[in-house]
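Me: I am new to this structure. Please walk me through it in short questions and answers.

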Amino acid sequence: MSSVAKNHSEKLPVLSVENLIVSYGSNKAVDNVSFSIKKGEIFGLLGPNGAGKTSTLSAIEGLVKPQSGNLLLEGTDMQKHPAEAKANMGVQLQSTSFQFELTIDQLIRLYAGLYNVQLARRDILNSLKEIGLESESGKRFKQLSGGQQQRLSLFIANIHHPRLLLLDEPTSGLDPQSRRQLWDTIEQNRRNGGSILLTTHSMEEAQSVCDRVAIIDHGKVITVDTPKGLIEKHKHDQRVRKVARGKVTLEDVFIGLTGNEIRE
Ligand SMILES: Nc1ncnc2c1ncn2[C@@H]1O[C@H](COP(=O)(O)OP(=O)(O)O)[C@@H](O)[C@H]1O
Ligand SMILES: [Mg+2]
């Protein structure tokens, strides 16, 4: 690549989502959503159940067809070039949907093969050591604990070192130790230059790992900023003040802006 082209591509956002609309029949699950993610950034979509987080990710992953909008991966139209987009993306779905009967070793070989990644026996062993599964490689996926399944699925999502990792509620259902470990892995990924888009409804997660957060509800982005920036921006909002029990927290901002009602 020429240095001009390289400089140009380094300035481009890794991902741009522009005016995305996803509908299921008459239900507009994603209603004109726009945001972009910089290189090395961990970006969180924070929203209550049914807010449209998974639908946004599914459109980016090419699993649902948007009604309208543009999706650009480093400037390349992902809808026009789906194969190129998939090669540069790693995906961890909300509910891990691996072939439950396969062993860890088989799963790693399967996905390495799909992505055309050459892995020697030694590489696989080293990787398994890194994710603390070195003595489990003969176990079937269904025999692993929740934390082990999450670590393995994150490893597999990352197997081809994609520029963009998409993680749908990566730590839901994990105990605090497994959650910490997963956050460490996510941060390590960023240090290697990868960008991450994750969804969560955990304020703690948004605050601990996300560089920037978009609060989304009813398919719309309500506000985007760093976790600190969101508190600064909204701490004087009447709706936020009303729910705060002292110093305004990110959760107060979230509840203030998305309301008290319980979602399905
Ligand atoms: N496959 C689907 N078919 C029909 N409606 C769906 C489908 N997936 C999600 N929805 C609806 O779209 C809205 C957003 O859902 P979703 O994107 O899963 O939200 P979140 O991930 O934030 O919980 C909800 O009203 C949900 O019921
Ligand atoms: Mg979801």
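Me: Which residue forms a salt bridge with Arg-180?
Reply: The model is predicted: local features need pLDDT of at least 70, side-chain atom pairs count only at pLDDT 80 or more, and totals for chains, interfaces and linings use all residues. Residues are numbered from 1 along each chain as its sequence is written, chains are lettered from A and ligands numbered from 1 in the order in which they are written, and side-chain values use heavy atoms, with hydrogens and water left out. A salt bridge is a side-chain nitrogen of Lys or Arg within 4 Å of a carboxyl oxygen of Asp or Glu. Here the closest N and O atoms are 3.9 Å apart, and the partner of Arg-180 is Glu-204.

Me: How many residues apart are Arg-180 and Glu-204?
Reply: Helices are DSSP runs of H or I with at least four residues, strands are runs of E with at least two, and both are numbered from the N terminus. Arg-180 sits in helix H7 (residues 176-191) and Glu-204 in helix H8 (residues 203-209). The pair links distant parts of the chain, and the separation is 24 residues.

Me: Is Asp-105 buried or exposed?
Reply: Asp-105 meets Arg-121 in a salt bridge of 3.6 Å, N to O. Buried means under 20% relative accessible area, exposed over 50%, and partly exposed in between (1.4 Å probe, protein chains only). The relative accessible area of Asp-105 is 16%, so Asp-105 is buried.

Me: How many salt bridges does a search of the whole structure find?
Reply: One example joins Asp-31 and Lys-28, with the closest N and O atoms 3.9 Å apart. Salt bridges that share partners join Lys-28, Asp-31 and Lys-220 into one network. For the whole structure, the search finds 15.

Me: Are H4 and H6 roughly parallel or roughly antiparallel to each other?
Reply: Axes are lines fitted to C-alpha atoms, for helices over the stretch in contact, with angles from 0 to 180 degrees between N-to-C directions. The axes of H4 (residues 104-114) and H6 (residues 146-157) come within 10 Å and cross at roughly 20 degrees. Angles under 35 degrees count as roughly parallel, over 145 as roughly antiparallel, 65 to 115 as roughly perpendicular and the rest as oblique. H4 and H6 are therefore roughly parallel.

Me: Where does Leu-63 lie?
Reply: At 53% relative accessibility, Leu-63 counts as exposed. Its place is the loop between helix H2 (53-61) and strand S4 (68-73).
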